[in-house]
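Student: I have not looked at this structure before. Could you take me through it, beginning with a term I will need?
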Amino acid sequence: MKSSEYRSNIRNIVRKAIIRKFPGLKPLHVKELATEISVAIHARFYGADVDNVASPLWRDDSKYADVFKDRQATKTAQEILNEP
């Protein structure tokens, strides 16, 4: 996944959540807020290793197999979403 796609996916998730929770906001404000949040998330988690699973951004690296050979997810996406 390219970093622009990653940021775009985050932006769309954030935008839809804002629209769903705050339907009265102006579209321009929603767009600006979603973009700002997506840039911040992307910048802070770029290349992150979460629950011992490498970021999708690094999986195409030729050294990935050696560095992350024993790493497996410990939770499903649904379990993470259901956490308080």
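Tutor: A residue counts as exposed when its relative accessible area is over 50%, and as buried when that value is under 20%. Residues in between are called partly exposed. Please keep in mind that this is a predicted model.

Student: Is Pro27 buried or exposed, then?
Tutor: Pro27 is exposed, because its relative accessibility is 70%. This residue is found in helix H2.

Student: What is the distance between the C-alpha atoms of Pro27 and Arg15?
Tutor: Their C-alpha atoms are separated by 9.4 Å, and the two residues are 12 apart along the chain.

Student: Let me step back. How many helices and strands does the chain have?
Tutor: There are four helices and two strands. Read from the N terminus, the order is α-α-β-β-α-α.

Student: Which residues of H2 are buried?
Tutor: The buried residues of H2 are Val30, Ala34, Ser38 and His42. They cover an arc of only 85 degrees around the axis, so they lie on the same side of H2.

Student: And which exposed residues are on the face turned away from that buried side?
Tutor: That face of H2 carries Leu28, Glu36, Ala43 and Arg44, which are exposed.

Student: Why does Ser38 count as buried?
Tutor: Ser38 counts as buried because its relative accessibility is 0%, and buried means under 20%.

Student: What is Ser38 in contact with, leaving aside its neighbours within four places in sequence?
Tutor: With those neighbours set aside, Ser38 is in contact with Arg7, Ile10 and Arg11.

Student: Where does Thr35 sit, and is it buried, exposed or partly exposed?
Tutor: Thr35 is found in H2, which covers residues 27-45. At 28% relative accessibility, Thr35 counts as partly exposed. The C-alpha atoms of Thr35 and Ile10 are separated by 8.7 Å, although these residues are 25 apart along the chain.

Student: Ile10 has come up with both Ser38 and Thr35. Which residues make up the largest nonpolar core?
Tutor: Ile10 belongs to that core, together with Tyr6, Val14, Ile18, Val30 and Ala34, six residues in all. Helix H1 (3-21) and H2 are the elements that give two or more residues to this core. The largest share, four residues, comes from H1.

Student: What does Val14 touch, not counting residues up to four places away in sequence?
Tutor: On that count, Val14 touches Ala34 and Ile37. Ala34 is also a member of the core.

Student: Last topic, the chain as a whole. What share of the residues is buried?
Tutor: Buried residues make up 14% of the 84 residues in the chain. The accessible surface comes to about 6,800 Å², and 56% of that belongs to carbon and sulfur atoms.

Terms used. Residues numbered from 1 in each chain as written. Predicted model: local features only at pLDDT ≥ 70, side-chain atom pairs only at ≥ 80, totals over all residues. Heavy atoms only, no water. Buried < 20%, exposed > 50% of the residue type's maximum accessible area, 1.4 Å probe, protein only. Core = buried A, V, L, I, M, F, W, Y, C linked by side-chain atoms within 4.5 Å. Contact = heavy atoms within 4.5 Å. Areas by Shrake-Rupley, 256 points an atom, 1.4 Å probe, with all protein chains shown as cover. Arc of directions from axis to C-beta.
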